[in-house]
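Have a look at the model, then read on for what its helices, core and ligand surroundings look like.

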Amino acid sequence: MNTNTILVFALFLFAIVVLPNCAEKPSCDKPTYTMAVDSELTLLMREMFLYYEDIKENIVEGSLTEDIKIFTDIHKAVATTPEKTTSPLYQAMATNYTQAVKDLNKTKDSKKDLFNLMVDNCMSCHQQMCPGPMVRIKKLYIK
Ligand code: HEC
């Protein structure tokens with residue numbers, strides 16, 4: 001191999017190894033290691049989403065008998081980027097969410113509007129910290 005060939009080969013390596021990492025970041029953090037394990041917070045969020053999606057119909061019909069679950073672990077579950085959830089902004093928005101569910105449990109009237117207010121709280125934290133899932137979360141709104 002002459003020097004030119006080595007140079008071309010080095011550039012080629014640079015292009016396939018280094019450049020892809022400079023590509024635009026996804027809207028929400030993806031772990032940089034392969035065989036990624038989902039973070040505690042990701043698993044919790046999936047559970048939250050499925051739970052609220054599940055009870056949405058009961059809210060519409062007014063047929064819910066038990067208190068709505070408050071996922072207080074939102075304050076301490078470890079995120080893909082752990083610093084994210086220790087920030088005062090995150091913690092404040094997490095409190096807004098838990099407060100919204102408490103209000104939801106207190107009302108004796110139709111829970112529809114307060115349910116939508118809770119979804120607003122999901123959306124506003126996501127707007128700030130993790131916009132990716134907003135398309136999905138939006139589907140929780142009761143029309
Ligand atoms: C205080 C901020 C905050 C609130 C409130 C919040 N989320 Fe999240 N959510 C996050 C963060 C941060 C992540 C990314 C988790 C990670 O990367 O570890 C996330 C991830 C998600 C995901 C993606 C999970 C996956 O499969 O990757 C969904 C879905 C989700 N949240 C739904 C909801 C719903 C529904 C609500 C309201 C009931 C909600 N979130 C409230 C911050 C929040």
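The buried residues of α5 are covered by elements that include α2, α4 and α6. Covering here comes down to contact, meaning C-beta atoms, placed from the backbone, that lie within 7 Å of each other. Helices are DSSP runs of H or I with at least four residues, strands are runs of E with at least two, and the numbering starts at the N terminus. A residue counts as buried if 20 or more other C-beta atoms lie within 10 Å of its own, as exposed if there are 12 or fewer, and as partly exposed in between, again with C-beta atoms placed from the backbone.

Before going further, bear in mind that this is a predicted model, in which local features need pLDDT of at least 70 and side-chain atom pairs count only at pLDDT 80 or more, while totals for chains, interfaces and linings use all residues. Residues are numbered from 1 along each chain, as its sequence is written.

So which residues of α5 are buried? They are F115, M118, V119, C122 and H126. These residues sit on the same side of α5, because they cover an arc of only 95° around the axis. That arc is taken from the directions that run from the helix axis to the C-beta atoms. On the face turned away from the buried side, α5 carries the exposed residues D113 and Q127.

α4 has 19 residues and reaches 27 Å from first C-alpha to last, close to the 27 Å expected. The expected span is 1.5 Å times one less than the number of residues in the helix.

Now for the inside. The largest nonpolar core has nine residues: I59, I74, A94, Y97, V101, F115, M118, V119 and C122. The elements that give two or more residues to this core are α4 and α5, and α5 gives the most, with four residues. Such a core is a set of buried Ala, Val, Leu, Ile, Met, Phe, Trp, Tyr and Cys residues joined through C-beta atoms within 7 Å. In soluble globular proteins, nonpolar side chains tend to be buried together. Take M118: leaving aside its neighbours within four places in sequence, M118 is in contact with Y97, A100, V101 and L104.

Next, the ligand. It is surrounded by 27 residues, and the closest are M45, A79, T80, C122 and C125. By type, the shell has 18 nonpolar, five polar and four charged residues. Nonpolar means Ala, Val, Leu, Ile, Met, Phe, Trp, Tyr, Cys and Pro; charged means Asp, Glu, Lys and Arg; the others, Gly among them, are polar.

Helix α2 is also where T42 is found. T42 is buried, because 20 other C-beta atoms lie within 10 Å. I55 is another residue of α2, and I55 is partly exposed, with 17 other C-beta atoms within 10 Å. Not counting residues up to four places away in sequence, I55 touches L64 and I68. Here is how far these three sit from some partners along the chain.

| Pair | Apart in sequence | C-alpha to C-alpha |
|---|---|---|
| T42 and V78 | 36 residues | 8.7 Å |
| L43 and A77 | 34 residues | 9.2 Å |
| I55 and L140 | 85 residues | 10.0 Å |

Finally, the whole protein. There are six helices and zero strands, in the pattern α-α-α-α-α-α along the sequence. Buried residues make up 13% of the 143 residues. Of the contacts with a separation of 6 or more, 64% are between residues 24 or more positions apart.

Note on methods:
A residue is near a molecule or strand if its C-beta atom, placed from the backbone, lies within 6 Å of it. Two residues are in contact if their C-beta atoms, placed from the backbone, lie within 7 Å.
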